[in-house]
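Hello,

Here is the structure I promised to pass on to you.

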Amino acid sequence: VIQLICVQKIYGRRYLVKSKWIHGALPALLIHCCIGTVYCWSLLKGDIAGLMKVNVSSIEFAFSLAIFFLGMSAAFGGRFVEKNGRRSSLVSMLCFSGGLLGTIYAITLGSIPLLFLFYGGIMGIGLGLGYLSPVKTLMLWFSKHKGLATGIAISGFGLSKALFSPFITWCNSGYGIKATLFCISVISIICMGAASMLIKKPDGWKEDSRKFSILEAIRTILNPVYLKIWTVFYLNITCGLALIAFEKDLAEKSGLGWIGILASLTALFNTLGRFGYSTVSDWTKDKSKIYLTIFFTSGLAMMLPIFFGLKIWVIVVMLCIINSGYGGGFSTLPTFLESKFGMKRISMIHGFALSAWGWAGLSGNQLSNLVLNYYHGEFNDLFIVLCSLYILAFII
């Protein structure tokens, strides 16, 4: 914080130094640390279902919808973010916090459709715009270290789970799920509101003045290189979400009691993966090598419980490795796309790519549900399916 809030004396007065930390890094962390609470769904869903007096499986789709709307709002909101990152950050705050408050209303009424609308749709739009808003600004401020820049921003998304998991566990048990959601909403209003006031592109940067061209967008999307990037990104997220949504179930099945600590630990590795892989990408000319490493290590990790069983150490190691690769795929994506398509319209191009996240949101935990229901709760069959998908991504 001392580094971020820099003050220097000029002509006997103190002025806030306009720097990459104040107008780039700090807003990014404030936004991403708030919206990253979406990954605490496994800690929320049981209490929400209990209060609504329904089965957890009947509300599971709310998380899928949130991720879907995240990807779709990022895909279609890229141009809006390009024009005005400050305004898009503010809209993100309104949608995200409003979605959480609406979720409390849905729980009070016991309405599943309203839960899908507020937690899935409205909050999901806030997630997508908030996720995308600070990325280009950071890449402009850290022009020589774009990987480090995206790592700073996107690591906040993983760090959020580590920060909020103990709080959510404590607040749920002591005050109930409504109080938990209300507190997250208030914190988000304060932090994301401050971020929207601070975020600012470097002086002298001019956005591309050309009008949006549908033909240009279609040419980019149909580019073979882009299609490969989109596909492997989709596969990585699908596999990651398939496990993240059932993290708590896996821990209980292996006999692990400290669920909150495990959630924080896996979130820490998610953050380290986001920051580590993206930083390494600054020193790697061929960015695809980062993805090769992610798929290779994740595929090996997925094989551990197949050979060693659902032992506690196996589950912990596997979840940590999968989470680090899952996070690393996100943070490396902007610099990977920039190396192939340039910087001018990176928010739009990055937004299109994030649509893979949206579709993976629909298929990830639904794939887990399908496999587990078909094989009567046997996780080994799920591990085999996900390992096969990692191998497919590696080949592509």
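Predicted model: local features only at pLDDT ≥ 70, side-chain atom pairs only at ≥ 80, totals over all residues.

Residues are numbered from 1 along each chain as its sequence is written, and side-chain values use heavy atoms, with hydrogens and water left out.

**Core.** The largest nonpolar core has 103 residues; such a core is a set of buried Ala, Val, Leu, Ile, Met, Phe, Trp, Tyr and Cys residues joined through side-chain atoms within 4.5 Å. Buried means under 20% relative accessible area, exposed over 50%, and partly exposed in between (1.4 Å probe, protein chains only). Val 38, Tyr 39, Met 318 and Trp 357 touch the most other members. Leaving aside residues up to four places away in sequence, Val 38 is in contact (heavy atoms within 4.5 Å) with Phe 63, Ala 66, Ile 67, Tyr 119, Met 123, Leu 127 and Phe 157.

**A buried histidine.** His 32 belongs to helix α1, residues 20-35 (helices are DSSP runs of H or I, at least four residues, numbered from the N terminus). His 32 counts as buried because its relative accessibility is 0%. A polar atom of its side chain lies 3.1 Å from the backbone oxygen of Tyr 131.

**Two loop residues.** Lys 53 sits in the loop between α2 (41-52) and α3 (56-59). Lys 53 is not a glycine, yet has a positive phi of about 60°. Most residues other than glycine have a negative phi. With 78% relative accessibility, Lys 53 counts as exposed.

Asp 286 is in the loop between α12 (259-281) and α13, and its side chain makes a polar contact with that of Ser 288 at 2.6 Å. For a polar contact, N or O atoms must be within 3.5 Å, one able to donate a hydrogen and the other to accept it; residues adjacent in sequence count only if both atoms are side-chain atoms. The C-alpha atoms of Asp 286 and Val 38 are 32 Å apart.

**Surface.** Which helix gives the most to the nonpolar patch? That is α13, with six residues.

Happy browsing!
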